[in-house]
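Here's a quick briefing to read with the structure open beside you. Have a look first, then work through the topics below.

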Amino acid sequence: RSRSASPEDEATREARRQQEEIDDLTKDQRTVFVSQLVMKADERKCRKYFEKVGKVKQVIMIRDKYTNRHKGFAYVEMKDLESIPGSLE
């Protein structure tokens, strides 16, 4: 017995797919490069700092593959494009 999805479920699924597509297209525009980080900084502290201006989707700190220490820079992806000007101040 097969169940067909209700139109509401399909509409919700389609809206989510469209939002993910938009997010993929604007990811570079919503990402801020942060450099000259102190060695005490970590992903949690970067996220907390940038959440003062808007919601943070992801923080990626570039790390040394042998020592796992970060190299002093990171990429912070904001949730909204509107948060970018505030994060650059």
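Is Phe-33 buried, partly exposed or exposed? Phe-33 is partly exposed, at 46% relative accessible area; on this scale buried means under 20%, exposed over 50% and partly exposed in between, using a 1.4 Å probe on protein chains only. Before going on, note that this is a predicted model: local features need pLDDT of at least 70, side-chain atom pairs count only at pLDDT 80 or more, and totals for chains, interfaces and linings use all residues. Residues are numbered from 1 along each chain as its sequence is written, and side-chain values use heavy atoms, with hydrogens and water left out.

**The sheet**

- Three strands make an open sheet in the order S1-S3-S2, with antiparallel pairing; strands here are DSSP runs of E with at least two residues, helices are runs of H or I with at least four, and both are numbered from the N terminus.
- S1 and S2 (56–63) sit at the edges with a single partner strand each, so one side of each has no neighbour in the sheet.
- On average, neighbouring strands of this sheet are turned by 20 degrees against each other, direction ignored; the axes are lines fitted to C-alpha atoms (for helices over the stretch in contact), and angles run from 0 to 180 degrees between N-to-C directions.
- S1 is joined to S3 (residues 70–78) by four bridges, and the two run antiparallel; strands count as paired if DSSP finds at least two bridges between them.
- Val-32 faces Val-76 across that pairing, and Val-34 has Ala-74 of S3 as its bridge partner.
- Six bridges hold S2 and S3 together in the antiparallel sense, and Gln-58 has Glu-77 in S3 as its bridge partner.

**Aromatic pairs**

- There are three aromatic pairs, where rings of Phe, Tyr and Trp (its six-membered ring) pair if their centres lie within 6.5 Å, with planes under 30 degrees apart called stacked, over 60 edge-to-face and the rest tilted.
- One of them is Phe-33 with Tyr-75, a tilted pair at 5.3 Å centre to centre and 55 degrees between the planes.
- Because Phe-33 is in S1 and Tyr-75 is in S3, this pair ties together parts that are 42 residues apart in sequence.
- Tyr-75 counts as partly exposed, at 34% relative accessibility.
- Tyr-49 and Phe-50 make an edge-to-face pair, because their ring centres are 5.4 Å apart and their planes are at 85 degrees.
- Within that pair, Tyr-49 is exposed at 52% relative accessible area, while Phe-50 is buried at 7% relative accessibility.
- Phe-33, Phe-73 and Tyr-75 come together as one aromatic cluster.

**The largest pocket**

- The largest pocket has a volume of about 160 Å³, the volume being the space filled by probe spheres set on grid points that are joined across faces, edges and corners.
- A pocket here is an open set of points on a 1 Å grid over the protein atoms alone, where a 1.4 Å probe fits, with protein on both sides within 12 Å along at least five of seven lines; lining residues have an atom within 4 Å of a point.
- Its lining includes Val-32, Phe-33, Tyr-49, Phe-50, Lys-52 and Glu-89.
- S1, H2 (43–50) and H3 (84–87) each supply at least two lining residues, with S1 giving the largest share, three residues.
- The lining divides into seven nonpolar, two polar and two charged residues (nonpolar: Ala, Val, Leu, Ile, Met, Phe, Trp, Tyr, Cys and Pro; charged: Asp, Glu, Lys and Arg; polar: the others, Gly among them).

**Positive phi in the loops**

- Gln-36, in the loop between S1 and H2, has a positive phi near 60 degrees and is exposed at 76% relative accessibility.
- Asn-68 takes a positive phi near 65 degrees in the hairpin of S2 and S3, which has six residues between the strands.
- Asn-68 is exposed too, with a relative accessible area of 51%.
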